[in-house]
Amino acid sequence: MVEGRGHGLQRQLALYTDRNWTEWLPTYAWAIEHSEGVIIVDTGQGVHLLETSRSYHPFLRWEVLFRIEKEEEIGPQLRALGIGPRDVKKVVLTHLHMDHDGGLAHFPNSEILVSSNELRTASGWAGRIRGYLPNRWPSWFDPAPLDLTAEPFGPFALSRRLTDAGDVAAVSTPGHTADHISILVHDDETTFILAGDTSYNEALMLGGKVDGVSSNESISKATLDTIKTFARSRPTIYLPTHDPQSGSRLTNRRLVGVPDRAASQAA
Ligand SMILES: [Zn+2]
């Protein structure tokens, strides 16, 4: 899943034949503390995912495993940071996979933004067959369409501003899902890419290694190239959801391609 093996159908079937597991990976969700209101990017897991091992869906039953407790869901974690549900103005989802929409129930009062094509892909029985969990969305879930416009943002073909100040924007990063988006946050000279599942870690992005989940390998590869091109054009910090290094990279503001000093000293 994390790094595709082979090409075409072989790469997709390898998801089911490879019996090796990664170590436990984090699922990050992000809070942007902005003067226009807090923006949340992805909502992480929920304890309902602990039931996937009983699912009839072969991917959910055999190919993923979750570990989470109630107080680790995004609501309690934000409260611990002093951010209450009413402080959150917007919630943006990079895509609707279950470890990104699992905390939606904590945001009944926020504006929720999702690509309308991604919403269509994830909805109903067709969505469930594709491995989404629309049956776990809160009953009130009715996101506003986050449709990007043909307004290029650097090398990204489509974009949309999420703040009046223009310092937070959604950009198209298709591949992992057909309508996957990433969020760019500009802070002075530096840009943070809240990258969702464009790759499972930075090394895979830099190596142009497509994951085992993407349906279209060449589109995924092109997105990884676009991110690399962007990172060459300005100081960039790359933060994928499941990269064990994303937390320390954010804290230390470590730029793409700059080796982690602590890690290399340990080596
Ligand atoms: Zn995903």
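**A tour of pockets, cavities and a surface patch**

The second largest pocket of this predicted model has a volume of about 320 Å³. To find this pocket, select Ser55, Tyr56, Leu60, Arg128 and Leu133, which lie nearest its centre among the 14 residues of the lining. Colouring the lining by class will show five nonpolar, five polar and four charged residues.

The structure holds three cavities of 30 Å³ or more.

For the largest cavity, begin by selecting Thr173, Pro174, Gly175 and His176, which are among its lining residues. The space inside the largest cavity amounts to about 70 Å³. Its lining comprises seven polar residues, three nonpolar residues and two charged residues.

The second largest cavity has a volume of about 50 Å³. Select Gly75, Leu78 and Arg79, then Ile83, Gly84 and Pro85, and lastly His106 and Phe107, to display the residues that line the second largest cavity. By class, four of these lining residues are nonpolar, three are polar and one is charged.

Finally, move to the surface and select Trp21, Trp24 and Leu65. These residues form a nonpolar patch, and together they have about 380 Å² of accessible area.

Terms used
Residues numbered from 1 in each chain as written. Predicted model: local features only at pLDDT ≥ 70, side-chain atom pairs only at ≥ 80, totals over all residues. Heavy atoms only, no water. 1 Å grid on protein atoms, 1.4 Å probe; cavity = no way out; pocket = protein on both sides within 12 Å on 5 of 7 lines; lining within 4 Å. Points joined across faces, edges and corners; volume = space filled by probe spheres on them. Nonpolar A, V, L, I, M, F, W, Y, C, P; charged D, E, K, R; others polar. Patch = residues over 30% accessible without salt bridge, like charges linked within 9 Å, V, L, I, M, F, W, Y side chains within 5 Å. Areas by Shrake-Rupley, 256 points an atom, 1.4 Å probe, with all protein chains shown as cover. Salt bridge = Lys/Arg side-chain N within 4 Å of Asp/Glu carboxyl O.
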